[in-house]
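Trainee: I would like to learn how the features of a model such as this one are read. May we go through them in turn?

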Amino acid sequence: QDRKLWGGRFAEATDGLVELFNASVGFDQRLAEQDIRGSLAHVAMLGQVGILAPDEVAQITEGLHGVLADIRAGSFEWRLDREDVHMNVEAALRDRIGPVAGKLHTARSRNDQVAVDFRLFTKEAALDLAGKTRALRAVMLAEADRHLADEVILPGYTHLQVAQPILLSHWFMAYVAMLERDEGRFRDAAARMDESPLGSSALAGTPWPIDRHATAAALGFTRPTANSLDGVGSRDFALEFLSACAILSAHLSRLSEELILYSTFEFGFLTLPDSHTTGSSIMPQKKNPDVSELARGKAGRVFGNLMGLLTVVKGTPLAYNKDLQEDKEGVFDSYDTLSIVLRLYAEMLPKTVWHAEVTRAAAARGYSTATDVADFLARQGVPFREAHEVVGGLVGTASRSGRQLWELTDDELRAAHPLLNAEVARALTVTESVRNRASFGGTAPDRVREAVRAAKEALTP
Ligand code: ARG
């Protein structure tokens, strides 16, 4: 146990439990690469502006590379008594190169150090998830394209009651649209957090003649943050990342719910691949959609991570408070969780088999073309509200006798309305129903083909 880097004013050693409670090295060692990158940029700048001599810069730079090599090799000893990643790296540097290591921390505080490390991490994570979201979107687009050739029909639902037939490809394209926005949210967040807080120092800036623009540029940031209090005290970049994660998780959870439901014996719309399902230890017949259930369940913890950090931040006065040390684990966890869920779905969806006869038959039941019959009447001049009433009566008649609309007799149809002639049979088919919904953004095959084409273009770099 060495003397604390901040130990000057203390007469008594830190209590053991306090040390344990206070330490973040258990999780923030994940920021080691970013921490050393930040230090390398800082020390180079200290040399450029003449605060450190060239040989000091050289020693510190070489030492930092040595520490980084140890960390990468797994031979670095992370010490709890050194509290966090920053002081572990700095103390290891001192062990390596001696007291000159102490000059690295000139014109810098751990407050701007952690802020810059965490921004670097979160920006990379946001861009990485943007890429993985894009990859899943490409997979779903390919699925939309694949099922377009056969014009596979799926029941469309509202309130989980059969509503109107749609193309399976149209369903896939709905998720393509959501994922496109999700990717945009990650990229927007990355662009907004693209400012370097390094040089904000503890909270108020520093009397040293530092060059914040130089360190910002060296670290790949567009510019330095404009206000030092904001630079060290704000975590909305992490909140924005977590918000984008939460919304993406909500989308993936809805997808999961649909896949779980549609793979049941009762629906039988699809078969999930053996490689991405699991069995039961007691019931030999079981094939469980665990991946989708976990994807749905893990949305809960991703939401929790967002809510957790919002709650941490809301009561903290400016600028840095130790509460902010709680900002990291939720970001790491959300990033890891979504990285794996996005990859799993990208692998699983192309291996999922859709049963076109089952989905088509299901799409035809439940009076899914009732709106088409009402439109059939309305096209002949009957006010839509009246047509709605007439067809509602027909659905009542049919359901009371356990029949579908196409099983009603010509007499029954004519009795309901004189304009309901033999031609209405066409309006009752799912193929016709889908073909007719040719409004922009609708499910008609030609429209979906256009949408697929546009989505492919949007994905072409
Ligand atoms: N481990 C701390 C964190 O993650 C680093 C900053 C500590 N600064 C301080 N003044 N205690 O937030």
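**Reading the model**

Mentor: Let us begin with the ligand. Helix 6 (residues 110-148) gives the most to the shell around the ligand, with three residues. Please keep in mind that this is a predicted model.

Trainee: Which residues surround the ligand?

Mentor: The surrounding residues are S24, D28, D84, R110, N111, V114, Y320, K322, L324 and Q325.

Trainee: What does the domain assignment of the chain give?

Mentor: The assignment gives domain 1 (7-106), domain 2 (111-361) and domain 3 (365-459). The centres of domain 2 and domain 3, taken over C-alpha atoms, are separated by 38 Å. Their contact takes 21 residues from domain 2 and 17 residues from domain 3.

Trainee: Which elements supply the side of domain 2 that touches domain 3?

Mentor: At least two residues each come from helix 6, strand 1 (153-158), strand 2 (161-167), helix 7 (168-192) and helix 13 (356-364). Strand 2 gives the most to this side of domain 2, with six residues. The residues on this side divide into 14 nonpolar, four charged and three polar.

Trainee: How is a pair of packed helices to be read?

Mentor: Two packed helices are described by the angle between their axes and the distance between the axes. In this structure, the axes of helix 3 (residues 32-48) and helix 4 (residues 54-73) cross at roughly 170° and come within 9 Å. Helix 3 is therefore roughly antiparallel to helix 4, as angles over 145 degrees count as roughly antiparallel.

Trainee: Which residues of helix 3 and helix 4 meet?

Mentor: From helix 3 come A32, I36, S39, L40, V43, A44, L46 and G47. They meet P54, V57, I60, T61, L64, V67, L68 and I71 in helix 4. The residues of this contact divide into 13 nonpolar, three polar and no charged.

Trainee: Let us turn to the backbone. Which residues does a cis peptide bond join?

Mentor: The bond joins L318 and A319, with omega about 0°. A319 lies in the loop between helix 11 (290-314) and helix 12 (328-348). A107 also deserves a look: its phi is near 60°, a positive value in a residue other than glycine. The place of A107 is in the loop between helix 5 (85-97) and helix 6.

Trainee: Which residues does the UniProt annotation "domain: Fumarate lyase N-terminal" cover?

Mentor: That annotation, from an unreviewed UniProt entry, covers residues 8-304. Over residues 8-304 the chain is 61% helix and 6% strand, with the end C-alpha atoms 39 Å apart. UniProt, again in an unreviewed entry, places "domain: Argininosuccinate lyase C-terminal" at residues 367-434. The span 367-434 is 63% helix and 0% strand, and its end C-alpha atoms lie 14 Å apart.

Key:
Residues numbered from 1 in each chain as written. Predicted model: local features only at pLDDT ≥ 70, side-chain atom pairs only at ≥ 80, totals over all residues. UniProt positions renumbered as here; feature names shortened; annotations may be inferred. Helix = DSSP H or I, 4+ residues; strand = E, 2+ residues; numbered from the N terminus. Near = placed C-beta within 6 Å. Axes fitted to C-alpha atoms, helices over the stretch in contact; angles between N-to-C directions. Parallel < 35°, antiparallel > 145°, perpendicular 65-115°, else oblique. Contact = placed C-beta atoms within 7 Å. Nonpolar A, V, L, I, M, F, W, Y, C, P; charged D, E, K, R; others polar. Domains from an automatic or database assignment.
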